[in-house]
Each structure stands twice: as structure tokens, then as C-alpha cells.
Amino acid sequence: MSTKEIPKLIDDKGIRIDGRKKDELRPISMEVGVLARADGSAYIEWGDNKVLAAVYGPRQLHPKFMQDPTKAILHFIYNMAPFSVDERKRPGPDRRSVEIGKVCAEALSNVVLLEKYPNTVIDVFVEILQADAGTRCVGLTAASLALADAGIPMKDLVAACAAGKIDGEIVLDLKKEEDNYGECDLPLAILPRKKEVVLLQMDGSLTKEEFQEAFDLALKGCLEIYEKQKQALLKSMEVSEDS
Amino acid sequence: MDIEAYLHKDYILSLIRQKRRVDDRDFEEFRPLAITKGYVSTKADGSAHVALGNTKVVVGISIELGEPYPDKPEEGVLSTSAELRPMASPYFEPGPPREDAIELARVVDRGIRESGMLPLDKLFIEDGKVWVVYVDIHVLDHDGNLIDASGIAAAAALSETKLPRYEDGELIKGEYQGNLPLNGIAIPVTTIRIEDELLVDPCLKEEYAQECRLTVTTMDKNIHSMQKGGGHGSLKPQQVEMAIDYAFMHAPQIRKEIEKA
Amino acid sequence: MSRIYASHKQLVCPGQVLAIDLPGNTNCYREGREIIAAVKGQVRVQGKSLKLVPLAGPYIPKVGDVVIGVVIDLFNGRWLLDINSPYYCTMMGEEVSKNPLHEDLKSYFDIGDILSMRIAKVNEVNEPIGVKPWKLEGGCIINVNPRRVPRIVGKKKSMLNLLKEKTGSKIVVGQNGRIWVKGGRMEITIDAIKTIERFAPTSGLTDRIAKLLDAHLRGEK
């Protein structure tokens with residue numbers, strides 16, 4: 001039997017395989033402060049993605065020689081649960097996870113006021129419990145909420161979202177099939193207030209014009225994500241008066 | 001030095017001596033148990049999220065095609081692993097599982113295996129081909145008694161796991177042919193000793209003061225696995241008996257919760 | 001011309017612009033003329049100025065704070081204490097001894113001892129020096145969110161005095177979120193403190209706690 005036929009990802013009316021239009025996000029829900037032990041935490045369901053982020057810190061960094069007397073060091077560990085993907089993934093970091101950890105740590109290190117906590121470490125842990133494309137964007141979005149939940153000072157929240165190209169069309173927020181069979185994936189993370197870019201990656205094939213369209217679309221997506229982040233964070237701050 | 005443990009130990013002891021627990025439970029009472037089956041249903045073949053008090057564990061089941069062990073050619077394979085994720089506690093470090101995670105996985109595994117709740121002979125497909133059932137325990141929030149929370153989550157996950165469709169020598173991903181065959185549900189119940197008192201389902205602060213623990217896994221009227229651990233302390237024979245009684249006392253109710261969920 | 005955009009008691013997220021042309025604030029940062037929230041918190045507007053009260057965050061020692069610490073090391077004529085902060089606290093042997101390098105400091109305070117101290121100095125990398133140690137023996141320590149400590153003490157110590165009066169317990173409150181309780185009706189004291197922590201942002205808390213304490217003492221709970 002031959003390989004599975006590549007499905008048509010977007011029809012002539014611009015409707016995608018899950019019924020979305022080109023600039024529509026998947027259904028998203030966010031909750032802040034979900035873990036009892038961690039200093040800060042957040043949980044996001046984004047399409048079929050289920051992602052948990054937690055923060056410990058600032059705290060002592062060992063070994064001492066790794067300490068930086070001018071600022072805190074931010075570590076980001078991205079981990080996929082074995083059952084989070086179609087074929088069970090062996091536990092432990094793989095090269096992809098290490099790379100994602102690095103670019104996400106750089107994104108957050110831009111926005112956290114690290115100089116306030118010299119010689120310490122801020123540990124950010126992201127667990128992918130169920131994956132369906134865009135996990136680094138979901139993880140970074142959740143991590144930023146977890147940092148805010150922990151009361152760690154930051155310039156702004158970090159909102160992340162990806163755009164891509166499927167069947168020649170630029171679309172927002174790819175799901176798994178679109179990422180697998182599409183022509184480009186462009187994850188973007190910004191600081192919403194000034195639209196500063198803190199994470200930008202791309203793989204596939206785009207002309208300059210297509211890139212501009214994809215970038216603008218991803219930016220628009222990030223701003224929508226930011227509204228949801230604010231709502232979730234504000235909700236977690238309300239105190240119920242019940243006893 | 002675990003500062004948290006050190007600071008809380010005396011308080012816990014003083015409460016126990018007054019016959020009280022830090023969260024006002026009776027000595028043989030479990031914390032509130034919340035089970036969500038199918039927690040991650042799109043990729044895993046079965047799953048469950050368990051919150052036991054503030055302890056939170058997710059178990060995912062992945063079923064793959066594989067080869068049987070050479071000494072058991074007509075049986076499927078059960079493989080259980082556990083990760084104490086660093087988000088669950090400031091004392092969990094990233095890295096490969098160390099002795100606590102390994103003990104946790106093996107204790108949960110023994111409960112499932114020795115009870116026969118998962119009949120491995122029913123996982124035989126044909127010569128040289130069997131189903132391999134991966135039980136992956138992901139501890140997300142540690143507030144004590146990881147063993148019971150994980151064992152309950154594993155049992156709940158298995159109870160809703162579907163067997164993938166097998167056709168022409170291949171696993172058809174995303175399609176299923178009924179549920180994983182189960183003979184019952186094995187439940188672990190952990191009791192700890194603090195001085196002369198026995199407490200069921202310890203929370204984290206109580207674990208700081210414990211001398212040792214005993215986990216008893218039962219299914220129906222039989223004991224299928226036991227594990228003494230969690231400290232250097234010893235147990236008197238009548239304390240072992242009490243722990244067994246507690247296990248039989250709680251397992252049926254927990255089983256009902258799993259079925260209801 | 002200064003302008004305040006946020007309203008009194010408004011809850012805000014990091015990155016929200018709170019005002020322009022106002023002096024800076026510990027939990028905010030300045031960019032050009034704008035004052036921007038750096039943490040999740042509640043805005044307090046007082047006339048023409050504002051304060052951002054954070055709802056979470058690590059305890060960073062300040063000069064003058066009373067803290068409760070645990071001795072975790074001693075060497076070179078000084079002790080090192082854990083004070084529930086990313087930064088350990090140092091206390092010099094001179095606080096209790098005239099000849100700290102030649103005396104056995106263990107005879108004063110040993111590893112594991114719980115002390116209350118005052119923070120006398122904090123250096124440029126947030127490392128504190130503690131003075132005036134007082135060993136806390138017996139009783140027990142409970143942990144609370146350091147941000148809730150002011151509420152547990154109350155205006156002019158009103159809440160703390162209420163607790164001491166009604167329960168008869170000795171209470172030492174550390175700004176670092178550790179509270180030592182000894183004697184009196186300890187479980188009632190602890191329950192009350194945990195309740196204050198939980199409902200800190202609400203109003204009428206002092207009355208509520210007074211009622212709770214009375215109910216406990218009457219044996220109703």
C-alpha cells in the first residue's frame with residue numbers, strides 16, 4: 001500500500017481542515033496558579049496541546065562558580081512526556097528539547113529583570129503533556145504566566161504564536177497536520193507593549209513578501225494571546241470571600 | 001539539609017501526640033481524591049490525572065507492537081516508568097530517574113503485574129508479536145504519598161485504555177479495537193509510622209516526620225504486593241497487620257471512585 | 001504633568017503602564033516618562049502618588065527586618081543561616097563572643113538552631129548580615145507568604161496583639177514569612193494565622209479573626 005495521501009489543507013473558500021479561517025487561533029484556555037508546591041505555575045490548553053509550566057526561584061545556584069554576581073541566571077527546561085506524542089517518546093532530553101530550552105531561556109532572559117537577583121538562578125520548567133504543533137509557543141506563553149504568578153519582576157508578559165504556509169496560503173497557528181504537510185512554520189514571541197521580538201524561528205520556504213505577511217499575522221496572533229494571558233492572570237489574583 | 005522538613009517535624013510530632021493531624025483528618029482517613037480519566041486523550045492510548053490532596057500525578061499509557069521476552073514468548077510486555085518532574089518539588093532535579101523514582105515505578109509495576117489485573121497472555125498477537133504496554137508516571141506536584149497517587153492514576157488510566165487496531169502486521173494508529181482486557185483493579189494503600197501511631201495517606205509534612213512507610217497493594221480479597229520503605233524505622237508485626245487492614249478498608253472505595261470517574 | 005492611569009485597588013499585570021511623570025517605585029520600572037508595573041499586584045493610589053503592592057515574590061532581606069533563620073553552617077568565626085530567601089544570612093561571632101575565632105561557637109548556636117535576628121546590613125548583591133540573635137526553643141515554626149506578613153502584624157500591631165491576647169501564645173513574626181509560636185492555645189493561634197494569610201486582601205479581617213478566635217476558645221471548632 002502506498003504512503004498516505006497528503007490531504008488538502010485549505011479549501012477554495014479558505015477553510016482549513018478543522019474549520020478555521022486563515023487568521024483564526026485554535027480554542028485556548030489558560031489557568032494560572034495550578035500547582036501547590038512551585039513558586040509560580042500556569043496550565044494552557046491550546047487546540048489539542050496540553051502544557052504545564054512551573055517556576056522555582058530566584059533560588060541559590062550551585063555550583064558557586066556558575067553564579068553571576070551581576071544578575072540571576074534563567075534556566076528553561078522543556079520536556080515532552082512519553083505519552084504526549086503519537087509514538088511513545090523515550091524519557092529524557094533530546095536535541096530538539098535542548099534547543100527549544102535555549103531559545104526560550106533567551107526570550108525570557110530578555111524580559112525578566114535579572115539584575116535584581118545577583119548570584120541566583122530562576123528555573124523554568126515546561127512539561128508537554130499532550131502535543132499538537134506549536135508547543136514551544138504554548139510553553140513560552142505558559143512560562144511567562146508562571147513567572148508573573150511567582151512575582152518575579154518582568155518588563156512585560158511574553159506572548160507567543162506561530163504562523164505558517166499551507167497549500168501556498170499564509171495562515172495562523174498551525175495544527176499538527178498543517179505543520180507536517182505545510183510549507184513553512186514560523187514561531188514568534190513578543191513583548192506585547194512595544195512589540196519587541198524575543199523569539200523568532202522559521203523553517204520552510206518563503207519569499208520576502210510571504211515572510212512579511214506571515215510575520216504580521218503571527219504578531220496579530222501574539223496580541224490576541226496576550227489578552228487571554230492578562231485575563232487569566234487577573235482572574236488568579238482575585239480573592240474569593242468564602243471561608 | 002531539607003529546611004522545610006526540619007522546621008515542620010517538631011510541629012507534626014506535637015500534633016500526633018495530641019492525636020491530631022495537620023489537616024484535621026482522622027489517622028486512617030484519605031485526603032480528597034479527584035480522578036480525571038482520559039486526561040490526555042488525543043495521543044495517549046489511555047490516561048488519567050489524579051489529585052490526592054495537593055499531590056498531582058498524570059499517568060499516560062502508550063501501546064506499541066513489540067517482541068515478547070524470550071522466556072515468555074506467549075505474553076505481552078508491561079513496562080512501567082516514573083519521573084519525578086522537577087516542577088513537583090524544589091528538591092527534584094532534572095536528569096535520569098534516581099532511586100526514589102525507580103522505587104516508585106517498580107512498586108506500581110508490581111501491583112499491576114502481581115495482581116494479574118492486566119493479563120499479559122491476552123496481549124499475545126501472533127508468533128513473535130505482542131502488545132507492549134508502557135505505563136508512564138509523571139509526577140507534577142508533590143504533597144506526599146506519591147505511591148498511592150501514582151498507583152491509583154495507573155489503575156484509572158489502564159481502565160480506560162483502548163487497544164489499537166492491528167491489521168496485516170501493522171498497528172493502525174488512531175483506530176481502536178475495544179478496551180484493554182483487565183481482570184480487576186489493584187489499589188496501593190500506604191500507611192506511615194510516626195512514633196507509635198499509624199497514619200494513612202501521609203501528606204508531605206507528615207512524611208518529614210515519618211519513621212517508615214508500608215505500602216500494601218490489594219485486589220479483591222488478596223494482597224499482591226508490599227513494600228516497606230521511606231526511612232530507617234522498623235515496624236512491629238501488629239503494625240504490619242494494621243497497614244494490611246487499612247489497605248483492605250480503603251481499596252473498595254477507591255475502586256468505586258475509579259469506576260465512577 | 002504627572003498623570004495616574006491606574007485606579008486605587010486595581011489589580012495589574014507586568015507590563016501595564018500605571019502613570020507618567022511620577023517618581024520611580026520598587027515594583028515598577030521607568031521607561032521614558034512612563035511608570036510600568038513589573039509584577040502582578042494591587043495599585044494603591046495616595047493623592048498624587050502611587051504604590052504597587054506585589055502579590056507574590058521572593059523574600060529579599062531589608063535593613064531593619066526581623067527574620068527567623070536556621071543555622072546551616074558555621075566557620076571562620078561566623079554563622080550562616082537559611083532565612084527563606086535566595087540569599088543566606090551571615091551572623092558574625094562578635095555578636096555573642098569577644099573572641100570568636102578562638103572560641104567554640106557551637107556552644108552558642110549550633111547547626112539546626114532556630115534564631116530570630118535583625119538585619120543590620122545588606123550588601124550590593126543582596127547578602128544580609130544579621131545581629132541581635134535570640135534562640136527560639138520549643139514551640140513551632142509556620143511558613144506564610146512573606147507578602148502577607150504586614151497583615152498578620154496589622155496596623156500598629158493590632159492583629160498580632162489580638163492573637164497574643166486571645167490565645168496566650170508567644171509569637172515572633174519574621175518578615176521573611178516564618179512565624180514562631182509557643183505555648184498558649186497553639187493550634188488556635190496557627191489556624192488564625194493561616195486564615196489571615198488566606199484572606200489578607202479582604203476588609204474587616206480583624207473583626208473576622210476576633211470572631212474566629214472566640215469561637216475556637218468557646219470550643220465550637
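The second largest pocket has a volume of about 840 Å³; a pocket is an open set of points on a 1 Å grid over the protein atoms alone, with protein on both sides within 12 Å along at least five of seven lines. A volume is the space filled by probe spheres set on the points, which are joined across faces, edges and corners. This is a predicted model, in which local features need pLDDT of at least 70 and side-chain atom pairs count only at pLDDT 80 or more, while totals for chains, interfaces and linings use all residues. Residues are numbered from 1 along each chain as its sequence is written, chains are lettered from A in the order in which they are written, and side-chain values use heavy atoms, without hydrogens and water.

**Second largest pocket**
- Its lining consists of 33 residues, where a lining residue has an atom within 4 Å of a point.
- Leu84(B), Phe92(B), Asp100(B), His142(B) and Leu146(B) lie nearest the centre of this pocket.
- Helix H2 (99–115) of chain B is one of the elements that supply at least two lining residues, and H2(B) gives the most, with 5 residues; helices (H or I, at least four residues) and strands (E, at least two) are DSSP runs numbered from the N terminus.
- The lining divides into 15 nonpolar, 7 polar and 11 charged residues; Ala, Val, Leu, Ile, Met, Phe, Trp, Tyr, Cys and Pro count as nonpolar, Asp, Glu, Lys and Arg as charged, and the others, Gly among them, as polar.

**Cavities**
- There are 2 cavities of 30 Å³ or more, a cavity being a set of points where a 1.4 Å probe fits but cannot get out.
- The largest cavity has a volume of about 70 Å³, and H2(B) provides the largest share of its lining, 4 residues.
- The lining of the largest cavity has 7 nonpolar, 3 polar and no charged residues.
- The second largest cavity holds about 30 Å³ of space, and Arg193(B) and Leu198(B) are among the residues that line it.

**Chain A**
- Chain A contains 4 helices and 10 strands.
- The radius of gyration of chain A, taken over C-alpha atoms, is 19 Å, close to the 18 Å that the globule rule gives for 243 residues, so chain A is as compact as a globular protein of that length; the rule is 2.2 Å times the number of residues to the power 0.38.
- Of the 243 residues of chain A, 58% count as buried, meaning under 20% relative accessible area (1.4 Å probe, protein chains only).

Note on methods: Buried < 20%, exposed > 50% of the residue type's maximum accessible area, 1.4 Å probe, protein only.
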